[in-house]
Amino acid sequence: MLEIKDLTMQFGALKSINDLNIKVNQGEVVSVIGPNGAGKTTLFNVITGIYTPTSGTVMLGETKLNGLSPAKVNRMGVARTFQNVRLFLNMSVIENVMAATYARTKSGLFASALALPSSKGEEKAVRERAEELLSFFGTRLTGYRWGEPAYSLSYANRRRLEIARALATDPKVLLLDEPAAGMNPKETHEITEIIERLRTEKGLTILVIEHDMHVVEGISDRVIALDYGVKIAEGDFEKVATHPDVIEAYLGRGTSDKK
Amino acid sequence: MSNVKPEDTSSLGIGTDQWVEQHEKRIGNRSGLVGKALSLLQRIPVFARYGLLLGAAFVFGALVQNEYLLRIAVNLGVFLMLTYGLNIVMCFAGLLDLGYVAFFGFGAYQYALLSSPHLNTHLPTIATIPIIVLSTALLGLLVSLPSRRLFGDYLAIVTLFFGQVFVQLVLASDSITFPGAEESKDFTGGSNGIPGLDKFKFFGFEFTSIRHYYWFVLVVLILLTIAITRVDRTRIGRAWRTIREDSLASESMGISINNLKTLAFVTGAALAGFAGAIYAGVQLAVFVNGFDVPLLTLIYAAVILGGSGSIPGAIMGAFIMSVLPEILRVPEYSEILFIAVLALTIITLSKSIKKILLTFVALLVTGFIGLLIFQLFGVKRALDETWAIGPVSKIMKSWLFVPENQIFWGNISFVLLIAAIAYYTTASKKIRMIALPIIGYLAIFLWEVRLIANPSVTRQLIIGALLIVLMIVRPQGFLGKARVEVL
């Protein structure tokens, strides 16, 4: 589904990603782990078109994604969330989701201004779709919260809303950047279930960056470990978690030998 | 393993969030007296508010015979159209367009060229208005294309430049010599402008009276208000707001931000062009100095004063910024307004009723002390008839000492006042309590001694002071919502 070939992303002398190869199959949940500065978020930024890679390709099925603008990458079917949660804070919860249907809807300036039937119908459909997506998170984001501004949400709810917003763009591939960051144990467990349901109910292919190893263990079909922009291990959770290079990357040189 | 503790929710009802709970409280407490007044206003339903406004507009148009008042109302309408346009460009899409007023001028000059004896063309209005709206939109497109990747300050500089280019071009286009032609041709009349324009004429019906324009502008405004409100609530409006909120996130959600920015810019330009055509049709003459920076600052002031992004705010801002200067033309009115603004400032700055009373008493005492000091030093007093003209100054006759050498003392008090205000903004709370009555006295003194004789200066000063006070008390504007940037 998503294939990254020989990808290098260089900022000046710094190679954030170095000759990286990743393949994510349809319906798979793949976690990317690695210490801070390993190049995980850079990888996401390259896939979604925020950075243009120095060399290499990003393929979604048969389509080449690198070189496309973020908006076009999204229209091809790749949606993402952000590590530092970038919601439209001063818009209401439901508007955040409704706005993300922009590329999938048509009504223009005049249709809206004149309230043509096409515009009205579309508006209704968009609202229903947004309500449906928000209901995906149980009661967390429903009811009275729809009209609340996004900034009034708790941190965990902001992360949920960001996922709902990404879903509104009808993606095939979903990139989640630390979905469980800042959540309490209960919420962390909940997000694990949500990711599983996104795969089974929505049929999404998911790439996750995550630091919480419980989450990684709970959701991943496959885990990829990065360090200094290089893939140091790949495989199921058990294999990667015990891989000497991974332990070394997290704990420092020499630690894996002493164990 | 994260060990974040679950939120303490024991004190909250079911289904409520701690943050939301506090947020409501904060909004309730935030804005003091102004906020309370607004929350009263908020209780009137939206439809009723617009209905009242519309009713007032109809009654005004039907009953008022005074041509001067009608003219002010028409100008207000044109100004409101400009405010709407800028609202789209700046508040919906977040583009800082400092060349905005050039589109207004472009529309007005086009009307002047298309329907006046200047080039001897007299197109019917039903043709000129679409031509003007479309060509101004096209000009907006041309300006926005090279600048569509620019944001914030950079866009501001480019558009400011464009605005100045427009002014200079119009000034210079009074003698253009085409290659091969013997004589130069006058297109814009240069600094003399173009006088003697045709009145609006639809299918043989000529707008002979200002009242015709009034109804025309009113209908246009009603339609525009509905259209803009609708756009704001639907797909395009939402997408515009996402750009303002976070353009990177917006783009990552598949929203084509460059196209939307262009669309906002072009829509704003088209509206300004339309407004320009009406303005030219009302004034029946165009002069380039009417389309320069002073007007631009007034439009921006109206948008900011009313509250960015809010349509009722735009109406209120436009009303204040276009009717206020007219009121301030008359010294008696401007005096009342000045005292009212001063009293309001003192009230909002002192907050509690006890402190307000204390400040006013202190102000009275300061006045008598001033009187005493002046008489002690034997400064010559001006005759009452020379300054106590307005209703308020008549009351203040025996309280305020107005020296004979008004220019000298006026200038001194001016410097003192500015110094005092500058000091006030950084002073501690206790000193502020003492400084406030002194500032109030200095302001009144300066007003009566120096400013009342120069209405053109005072108008700018009052508007400026009003803006400053408002921005301190209510930074989001009268009807604007406080925006949260990063949390």
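Predicted model: local features only at pLDDT ≥ 70, side-chain atom pairs only at ≥ 80, totals over all residues.
In chain B, two domains are assigned. Domain 1 is made up of residues 30-177 together with 184-327, and domain 2 spans residues 333-453. Taken over C-alpha atoms, the centres of domain 1 of chain B and domain 2 of chain B are separated by 39 Å.

Between the two chains, 41 residues of chain A are in contact with 34 residues of chain B. Several helices contribute to the side of chain A that touches chain B: α2 (70-76), α3 (93-99), α4 (109-113), α5 (117-135) and α7 (185-202) of chain A each provide at least two residues. The greatest contribution to this side of chain A comes from α2(A), with four residues. In terms of residue class, the side of chain A that touches chain B comprises 17 nonpolar, 15 polar and nine charged residues.

Within chain A, A:L174 was examined individually. This residue belongs to strand β7 of chain A, which covers residues 173-177. A:L174 is classed as buried because 25 C-beta neighbours lie inside 10 Å, the threshold for a buried residue being 20 or more. When residues up to four places away in sequence are not counted, A:L174 touches A:A79, A:A166, A:L198, A:L204 and A:I206.

Terms used
Residues numbered from 1 in each chain as written. Chains lettered and ligands numbered in written order. Domains from an automatic or database assignment. Contact = placed C-beta atoms within 7 Å. Nonpolar A, V, L, I, M, F, W, Y, C, P; charged D, E, K, R; others polar. Buried ≥ 20, exposed ≤ 12 C-beta atoms within 10 Å, placed from the backbone.
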